[in-house]
Amino acid sequence: MTVWDSLVGQERAVAALRSAAAGHGMSHAWLFSGPPGSGRSNAAVAFAAALQCEAGETGHPGAEAGCGHCLACRTSLAGTHADVTLVRTEKLSIGVDEVRELVRRSALSPVGSRWQVLVVEDADRLTDQACNALLKAIEEPGARTVWMLCTPTVEDVLPTIRSRCRQVVLATPSPEAVAAFLVATDGVGEALAAYAARASQGHIGRARALARDEATRNRRREIVGYPAGLTSLGACMRAATNLAEAAKEEADAITAELDAREKTDLDSAYGVEARGRRPREYGPALAALEKAQKTRAKRRVLDVVDRGLMDLSSVYRDAVALHLGAPGALVNEEIRGDVVELARHTSPELNLRRIGWIFEAREQMLEFNVPVALALESMMVALKAPQGSSR
């Protein structure tokens, strides 16, 4: 087992990273891009582990960086290596104060003998001020500092930043590669693995959730059933309400335990339970925590809704594929009958417009802060549009 084993269907990217870890074409700044689920952050962390790998330090023939077994590899992958900083955000954006702290850290010499590595997930969420602060650090890096930025596309970061980074573009893994990975690593049956691989559309994390959890499969089954039921205005409004409520319920289930644990930790830090009273500093700290938790909850809801929209758009994509006679299995092969009916009563042009309306709703929520319920109601009504609509 090596650090590269979790990167499914990314042979070209892995070959380039292996070579760089061995000292060929190494750069102080890297930009990992690829569609959701392609493993951008996993690739960055694997590369960070390879750069810290003890086997890579030996110089012995056959000793390849990224062994996966040494302490450096294991702690890098686990997020506990002293010289690997992994930045994940639960917020809607990454601000300048957070980046300034990273820049300060990047200027320090590594604790060990290798590299000071900083991995920024969701670098597309950097604010303009944060990008400007980061740019200077990338322009004038420390001798043993490596920056790794992860974004969906290269256009998601400033041109001045991406021009200073070596780019690693990840592809969407094939359903066959994802299914084989699930069978080999998770012990999933071949039929379930094939379903999860298709339904996830190459998203490894989503595929694993579908393969492991029946409730996740049931929620997806409900969403992909919406197109066949959007026959009236009332049905559209119910579908929008159900999707919004299900997203909030799932997000609450994810965050409730973490919120409670954070509150308990805060009380303990300020000695609230021991003293039986709240010190003056407790109020501002509690307000800051509640604000952060509210932002995180909103992000979670948007993430869950976004996933549902991708599932919904896959049905219309399948209808277009049937219209055009595209080879291969449908994403939603298990509801082929519904997809055939949808294709029979619509046109490829309309279904392409419907996919566009789904992405419009996604943009309204993510970029323009439109309330989830309002954006989903407008979208569902649009999806019911008659074939002759000129919208």
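Buried means under 20% relative accessible area, exposed over 50%, and partly exposed in between, with a 1.4 Å probe and protein chains only. The model is predicted: local features need pLDDT of at least 70, side-chain atom pairs count only at pLDDT 80 or more, and totals for chains, interfaces and linings use all residues. Residues are numbered from 1 along each chain as its sequence is written, and side-chain values use heavy atoms, with hydrogens and water left out.

**View B. The ring pair of Trp30 and Phe47.** Rings of Phe, Tyr and Trp (its six-membered ring) pair if their centres lie within 6.5 Å; planes under 30 degrees apart count as stacked, over 60 as edge-to-face and the rest as tilted. By this rule there are two aromatic pairs. With centres 4.8 Å apart and planes at 70°, the rings of Trp30 and Phe47 form an edge-to-face pair. Both Trp30 and Phe47 are buried.

**View C. The ring pair of Tyr270 and Tyr282.** The ring centres of Tyr270 and Tyr282 are 5.9 Å apart and the planes stand at 80°, so this pair is edge-to-face. Tyr270, at 26% relative accessibility, counts as partly exposed, whereas Tyr282, at 1%, counts as buried.
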